[in-house]
Amino acid sequence: MKAVIQRVISSAVKVNGKTVGEIGRGFMILLGVVQGDIKADADKLIKKIPHLRIFEDENGKMNLSCLDTGGEVLVISQFTLCADCSHGRRPSFIQSAPPEEANALYEYFVEELKRGGVSKVETGKFGADMKVSLINDGPVTILLDSAELK
């Protein structure tokens, strides 16, 4: 499972011109589910992401987590994170999990974030053509892959 975490001042997602998810200060997460991912992969990311200390404290040091600051989270499904670009110029998405499996893990990830104490968790619409806007704060962007986490 792959995640791109961006520290944002605000972020929103629209489907067919209608806002379906919107947050203030916090994280906008693009989440890709790879073939073979299981709940344990989601659990590794859930254990790490809300506790990432990438918000500034009173001294301007990145010392505070999303939980410490009451940050909000917008989670967007992003199968293209699983692209294989090693051959040719057209990405292959064969490594992406099948939609039913990916959606189940995506929903599990979102529910576990909510249970983990994140103040507000919003989502896009799985499988939809989404228009995502954000104001990246810093910019601060972190890449995580569950296969690389202990």
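Predicted model: local features only at pLDDT ≥ 70, side-chain atom pairs only at ≥ 80, totals over all residues.

**Exercise 1.** Determine which residues of helix α1 are buried and how they are arranged about the helix axis.

Solution. Begin with the extent of the helix: α1 covers residues 39–48. Next, apply the cut-off for burial, which is under 20% relative accessible area. In α1, the residues D41, A42, L45 and I46 are buried. Viewed down the axis of α1, these buried residues fall within an arc of 135°, so they line one face of the helix.

**Exercise 2.** Identify the elements against which the buried residues of α1 pack.

Solution. The packing partners include one helix, α3 (99–115). The strands β1 (2–15), β3 (26–32) and β8 (130–145) also pack against the buried residues of α1. As for β1 itself, 10 of its 14 residues are buried, and the strand is thus described as mostly covered.

**Exercise 3.** State which strands pair with β1, in what sense, and over how many bridges.

Solution. Take the partners in turn.

- β3 runs antiparallel to β1, and seven bridges join the two; K2 stands opposite G32 in β3.
- β8 pairs with β1 in the antiparallel sense over 12 bridges; here K14 stands opposite K131.
- β2 (residues 18–23) pairs with β1 in the antiparallel sense over five bridges; the bridge partner of S11 is I23 in β2.

**Exercise 4.** Describe the link in the hairpin of β1 and β2.

Solution. Two residues lie between the strands of this hairpin. Within the hairpin, N16 takes a positive phi near 55°.

How values were computed
Residues numbered from 1 in each chain as written. Heavy atoms only, no water. Buried < 20%, exposed > 50% of the residue type's maximum accessible area, 1.4 Å probe, protein only. Helix = DSSP H or I, 4+ residues; strand = E, 2+ residues; numbered from the N terminus. Arc of directions from axis to C-beta. Contact = heavy atoms within 4.5 Å. Pairing = 2+ DSSP bridges.
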